[in-house]
Amino acid sequence: MMDIDRRKNEHIFLASSPESQIGSNLLEEVILIHRALPEIDLEDVDATATFLGRRIRMPFIIGAMTGGTELAERINTRLAKAAEAFGVPMYVGSQRIGIVKPETRRSFEVVKEHAPNAPKIANLGAPQISRLSEDEVIEWAKQAVDMINASAIAIHLNPAQEVFQPGGEPYFKGVVERLKALKRALGLPLIVKEVGNGISKEIAEALNGIADVIDVAGFGGTSFVAIEGARAKSVDVELYELAEEFKYWGIPTAAAICEVKSAFGGLIIASGGIRSGLDGAKAMALGADYFSASQPLLKAALEGDVLKALGRIEKELKIAMFLTGSRDIKALRSTPKVLGPRLESWIRQRGLSC
Ligand SMILES: Cc1cc2nc3c(=O)[nH]c(=O)nc-3n(C[C@H](O)[C@H](O)[C@H](O)COP(=O)(O)O)c2cc1C
C-alpha cells in the first residue's frame, strides 16, 4: 500500500510539471466568429448553467484528480472550499484507495465537509470494476458515493494509462456489463470518462442508454502515458521507451467532442487540455454541455489560489460570450465558428457532424 501512496503523490508532482502536458487538443483549430455588434453589454452576459438539477455559476466542473494521501487531502480541501464558494461541481480522484484502505477515507470525506452544497462526483476505475463481481461493484460504488455524498458517479476508462503504469492493471473485460449493473442498481446519474486519450463515436454509441454523461477527456493536455512513462524510467527502461513511442496516442479533445456528439444522446463534458474560459467557450460551441479542467486547478491548489483560477476562467468565458454576442450559454452553443484544416478533415473522414 505504500506503493499506492507513493504513486498518488508522484502523479501529483509529475502532473503539475510541464513534461506531463503533451500535444494539441486541436481547440486552436476552432475560431469563434467575432461579432463587432454584440447588441448586449458585457455585464448582461449570463454564464450560469444547471448541473443535475442544480444552479451553477458557470458550466465548468473541477476535474477528477486525487485522494488517499495527506497531500491529496490538502488538495481536496482546497478544491472543495473553492467549489463551494464559487458554486461549481467537482469530481474527486479514484476512490479505490478509500475503500480498500479505510484509514485514508478522510482525504475524500473533507470534500463533503467543505463543499456541502456543490454537486460532487464520485470516481472509480474500469479495471477495478472489471475484476469485481456485480454485487461487489455495486457495494464499492455505494461506498464511494457515501464517502463524499455524491450526486453522480464517474467511472474512468484508462486503458493507455494501465498499459504504461508500472504494475498497471490493463483489465477491461466485462466493463460494459458492470456499467449496466451499476446504472440499474445505483439510481444515480452515471458519468463515463477517459483520462486524456479521448472517447470515439463507436464507444459513445455503445454507451447510449448506459451512461447519462460522457466526459471526453481527450488528448492534448495532461498525458498519463507520459506520466507513467516518467515513473517507469528508473524501474523498467523498456516500459519507459514504450510509453515514449505512444506519447502522442489519443483523440484530440476538439475531435472527441465531435465524435461523442455525433453518436451519444446524453450530456457531454469537454476536457483534456482546457486551459482557459476561451478554450471552454470553443468546446461549448462545438457542442459540449460543460467543460472541465484538472491540471490548472491542481497547480492552483498547490499554490493555494483555486478561487482566483476559477474567477479567471469565468472572466475568459464571459469575454468570449460577449465578443460572440452570446447572452447566455444556450446562445454560445450555437455561435458561428470556423474550423481549421486538421479538425475539418477529421470530421469529414469520420463522417461526424459538428
Ligand atoms: C494528478 C492527477 C490525478 C488524476 N487522477 C484521476 C483519477 O483518479 N480518476 C480520473 O477519472 N481521472 C484522473 N485524472 C485525469 C483527469 O480527470 C483528466 O481527465 C486529465 O487530467 C485531463 O485533463 P487536463 O488536461 O485538464 O489535466 C487525474 C489527473 C491528474 C492531473
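Visitor: Starting with Asn25, buried or exposed?

Guide: Asn25 is buried, with a relative accessible area of 7%. Buried means under 20% relative accessible area, exposed over 50%, and partly exposed in between, with a 1.4 Å probe and protein chains only. This is a predicted model, in which local features need pLDDT of at least 70, side-chain atom pairs count only at pLDDT 80 or more, and totals for chains, interfaces and linings use all residues. Residues are numbered from 1 along each chain as its sequence is written, and side-chain values use heavy atoms, with hydrogens and water left out.

Visitor: Where does Asn25 lie?

Guide: Asn25 is in the loop between H1 and S1. Helices (H or I, at least four residues) and strands (E, at least two) are DSSP runs, numbered from the N terminus.

Visitor: Which residues is Asn25 in contact with, leaving aside neighbours within four places in sequence?

Guide: Among them are Phe219, Pro252, Thr253, Gly273 and Ile274; contact means heavy atoms within 4.5 Å. A polar atom of the Asn25 side chain also lies 3.0 Å from the backbone oxygen of Gly273. A polar contact is a pair of N or O atoms within 3.5 Å; within protein, one must be able to donate a hydrogen and the other to accept it, and residues adjacent in sequence count only if both atoms are side-chain atoms.

Visitor: Thr253 is in H12, residues 253-263. How many residues of H12 are buried?

Guide: 9 of the 11, so H12 is largely enclosed by the rest of the structure. The buried residues include Thr253, Ile257, Glu259 and Val260. They pack against helix H9 (201-206), strand S9 (213-215), strand S10 (267-270), helix H13 (277-286) and H17.

Visitor: And H17, which residues are buried there?

Guide: In helix H17 (residues 341-349) they are Leu343, Ser345 and Ile347. Their cover includes strand S1 (30-32), helix H12 and strand S12 (337-339). Just after H17, Gly351 has a positive phi of about 60°.

Visitor: Switching to the ligand. Which residues come nearest?

Guide: Of the 22 residues around the ligand, Ala64, Met65, Ser94, Thr222 and Arg275 come nearest. A residue is near a molecule if one of its heavy atoms lies within 4 Å of it.

Visitor: What is 2.5 Å from an oxygen atom of the ligand?

Guide: An N or O atom in the side chain of Thr222. For Lys193, a side-chain N or O atom is 2.9 Å from a ligand oxygen, and for Ser94 a polar backbone atom is 2.8 Å from one. Taken alone the ligand exposes 600 Å², and the protein buries 95% of that. Accessible areas come from the Shrake-Rupley method with a 1.4 Å probe; for residues, only the protein chains shown count as cover.

Visitor: Which elements give two or more residues to the shell around the ligand?

Guide: Helix H1 (2-15) and helix H14 (295-303).

Visitor: Last topic. In the largest nonpolar core, which residues touch the most other members?

Guide: Phe60, Ile62, Leu179 and Leu310, out of 98 residues. A nonpolar core is a set of buried Ala, Val, Leu, Ile, Met, Phe, Trp, Tyr and Cys residues joined through side-chain atoms within 4.5 Å. A second, separate core has 13 residues, including Ala49, Ile56, Ala64 and Ile269.
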